Amino acid sequence: MTDFKLPRGIVVSGTGLWTPPDAISNEELVEAYNTFAARYNERHAAEIEAGDLAAKPFSSAEFIEKASGIKNRYVISREGILDPERMRPYLAERPDDEICHQAEMGLKAAKLALEKAGKKPEDIDAVIVGASYLQRAYPAIAIEIQGALGIEGFAFDMEVACSSATFSLQRAVDAIAAGTARTVLVINPEMSSPQVDYTDRDSHFIFGDVAVASVVERRDTCAVDTAWEVLSTRAQTVYSNNIRSNFGYTARAADVDPFGPGKLFRQNGRKVFKEVCPMAATHIEEHARAAGSEPSEVKRYWLHQANINMNNLIAKKLMGDEASPERAPIVLDRYANTGCAGSMIAFNLHSDDLAPGDRGVICSFGAGYSIGSLVLEKIAL
């Protein structure tokens, strides 16, 4: 893989994390799901008995934690998810002249990132929104946030599933390196819960909602005492069918239910684990070395937060016996899988304690398959 030389002096100067006020524990989620499953099996007892329909299996909080490491998730609307007769969040449709739900989430994280970086909207030249799911096709969520903040310049959305955060950060770095922007606001508002099939035991617990944001700029415009210099970026994609979301506007042309079987999130978890773990570990290992650091010497890895077993396996490969939650922090126990935002949540919560000169790697991976990574070094200004 070719690494292009990145000019020095591009930094991440501030991040913001907005967490929805509503949370759902494993126990609450399981109670709703098991009630739904019991009612479903009762309603379809004849078909199940005849072998024409599969019974819904029951779940447990212990099963969820063992399978994923997840104990809790934050969501933008919990009542509908916990209603056995609904099994999906409820979001009131908003008029076109009112800010949409996803833009509202992103705006809150953006304001926190701007404050931490010591920036005002007039300092920003571009806004990039990267997310696993977008509430609409157009106008872009990024442009809506740009308008709400009163930012001049340009804005656009991009979607690379769970790698959208690292890919969008890389696009910000590219814009600054090319001279088309001096300061870029990157926002990752992950509103995943509407795409979850809460009637599926194997996936109903996976996702949560959150929004993160980052300010990327030139070192000479940075207004804070410390920042993270971007030493290198790397991206990789390999086509795979093992993680899919087929929801889309063409369903109406195919005369099928847009929310029917196979249209929401689904994955072949065993194949994903078997194929993505070595792919991600090799990607990070090679990227760290290309940037001048042995993987075992990197102070911190902010990894994609999909499954604790995946993270532990990758961390062990990179750091050997020195792997630990301190060096590869876990946040999915509280936040669950938040799409592309997981690695950025980890970076936001677990980076201030490092010293100037320390290096870390942000890496996200997911559907595509896609992997994006950035090698960073903390600097004093």
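**Close-up views of a predicted model**

**View 1. The largest nonpolar core.** Of the 49 residues in the largest nonpolar core, the ones that touch the most other members are Ile284, Tyr301, Ile314, Val361, Cys363 and Phe365. A nonpolar core here is a set of buried Ala, Val, Leu, Ile, Met, Phe, Trp, Tyr and Cys residues joined through side-chain atoms within 4.5 Å, where buried means under 20% relative accessible area, computed with a 1.4 Å probe and protein chains only. At least two residues of this core are supplied by each of helix 1 (26-43), helix 7 (269-290), strand 11 (300-303), helix 8 (308-319), strand 12 and strand 13, and the largest share, eight residues, comes from helix 7. Helices (H or I, at least four residues) and strands (E, at least two) are DSSP runs, numbered from the N terminus. Apart from this core lies another one of 36 residues, among them Val230, Cys340, Leu354 and Leu374. The model is predicted, so that local features need pLDDT of at least 70 and side-chain atom pairs count only at pLDDT 80 or more, while totals for chains, interfaces and linings use all residues. Residues are numbered from 1 along each chain as its sequence is written, and side-chain values use heavy atoms, with hydrogens and water left out.

**View 2. The surroundings of Phe365.** When residues up to four places away in sequence are not counted, Phe365 is in contact (heavy atoms within 4.5 Å) with Cys162, Ser163, Val276, Ala280, His304, Met310, Ile314, Ser370 and Ile371.

View 3. Although Met87 is not a glycine, its phi is positive, at about 60 degrees, and its place is in the loop between strand 3 (72-75) and helix 4 (101-117). Met87 counts as buried because its relative accessibility is 7%. Ala336, which is not a glycine either, has a positive phi of about 65 degrees and is found in the loop between helix 9 (332-335) and helix 10 (342-349). At 0% relative accessibility, Ala336 counts as buried.

Definitions and conventions
Buried means under 20% relative accessible area, exposed over 50%, partly exposed in between (1.4 Å probe, protein chains only).
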